[in-house]
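Welcome! Please take a look at the sequence and the 3D structure below, and then we can walk through some of the features together.

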Amino acid sequence: MISTMQGVLGLASGALVGFSLGLIGGGGSILAVPLMVYVVGVSDPHVAIGTSAIAVAANAAINLWNHARGGTVRWLCALTFAAAGIIGAFTGAIFGKMLDGQKLLALFALLMLVIALLMLKTRSRVGLPDVRMSWDNMPAIVGLGLATGTLSGFFGIGGGFLIVPALMLATGMSIINAVSSSLVAVTAFGLTTAASYAWSGLISWELAGSFIAGGLVGGLIGTRSARLLSARGGLNIVFAAVIIVVALYMLARNLSSFLS
C-alpha cells in the first residue's frame, strides 16, 4: 500500500516523465528511477526500477498514441528498429552486469555528450518529409536498432536518448518523426524490463498507476510542445540541451568512481 502523499507525488512525478517522453521521446528511465527513490520515497531500489519500467512503458505507449494521431510515426521503420533492439538489449544486459554500476553511468554520460554535440551540429537539417523503410535503409535500421538496444541493455538506462539520433541516422527522417517513432522502441524495451521485474514481484502497481495517470497529462503537453518546437526548428536544440544537462549531472555523480 502507498500513502496518500506518495500517490500525489507519484502523479506529479509521472506528469514530468510523461512530458519528457512526449517532448523528446527520452528521459523516462533517467527521470523515473530517481523520482521514485528520492521524491516518492520508494525504499527498495529494485521496486523503484521495476515500477519505473512499467510506468515508463505505459507513458511511452500513451505518448506514442498522441504522436500517431498527428501522423508523425513511421511504423515499419519503428517496429523493425524495436525488434532488433530487443535482441540487442538482452545481450547488452548480460555484459552490463559485469561492470560497476557507477562506472557504467559515467561512460553513458560521456556517450550522451557526444550525441548532444552531433545533434547540435546537425540542428539545421530538416530531414526527409516522408521516410519509408526500403531495401536501401533496412540494413541501417536493423544494424543501428541492434546496436542501440545493446547499448541500452548494457547501460540499463536512457533508451530514448540513443534511439532518436539512431533513427535519424539510419533513415534521414526529421527529428519529430524520430521522436514519435522512438516511442515504439521505448515501449518495447520498457515492457521487456517490466516483465522480468513483475515475474519477481518487484512492482508497486498502485504507484505505477499514479505515475501513468500523471503521465497522461504531461504527455499531452509534451507532444504539443514537440510539434510547436519542430515547426519552429528548435526541437533539435531542446533535445541536445536536455541531454547535456542530464549527462553533466550524471558525470558529477559518478566521475569519481569512474576515475578510481
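## Getting started

Helices here are DSSP runs of H or I with at least four residues, and they are numbered from the N terminus. This is a predicted model, in which local features need pLDDT of at least 70, side-chain atom pairs count only at pLDDT 80 or more, and totals for chains, interfaces and linings use all residues. Residues are numbered from 1 along each chain as its sequence is written, and side-chain values use heavy atoms, with hydrogens and water left out.

## A serine in helix H8

Let us begin with Ser182, which is found in helix H8. Ser182 is buried, with a relative accessible area of 0%; buried means under 20% relative accessible area, using a 1.4 Å probe and protein chains only. Leaving aside neighbours within four places in sequence, Ser182 is in contact (heavy atoms within 4.5 Å) with Gly25, Ile163, Val164 and Leu167.

## The nonpolar cores

A nonpolar core is a set of buried Ala, Val, Leu, Ile, Met, Phe, Trp, Tyr and Cys residues joined through side-chain atoms within 4.5 Å. The largest one has 60 residues, and Met112 and Phe211 touch the most other members. Helix H8 (residues 175–199) gives this core its largest share, ten residues.

Which residues does Met112 touch, not counting residues up to four places away in sequence? They are Ile30, Phe161, Ile243, Val246, Ala247 and Met250. There is also a second, separate core of six residues, and it includes Ala53, Ala194, Tyr197 and Ile203.

Ser204 lies in the loop between H8 and helix H9 (205–231). Not counting residues up to four places away in sequence, Ser204 touches Ile2, Val47 and Thr51. Ser204 and Trp135 are 69 residues apart in sequence, and their C-alpha atoms are 44 Å apart in space.

## Two helix pairs

The axes of helix H1 (residues 4–24) and H9 come within 5 Å and cross at roughly 30°. Axes are lines fitted to C-alpha atoms, for helices over the stretch in contact, and angles run from 0 to 180 degrees between N-to-C directions. H1 and H9 are therefore roughly parallel to each other, a label for angles under 35 degrees.

Now for H6 (residues 138–155) and H7 (residues 159–171): their axes come within 9 Å and cross at roughly 165°. That makes H6 roughly antiparallel to H7, the label for angles over 145 degrees. Among the residues making this contact are Leu144 and Leu151 of H6 and Leu162 and Ala166 of H7.

Methods: Buried means under 20% relative accessible area, exposed over 50%, partly exposed in between (1.4 Å probe, protein chains only). Angles under 35 degrees count as roughly parallel, over 145 as roughly antiparallel, 65 to 115 as roughly perpendicular and the rest as oblique.
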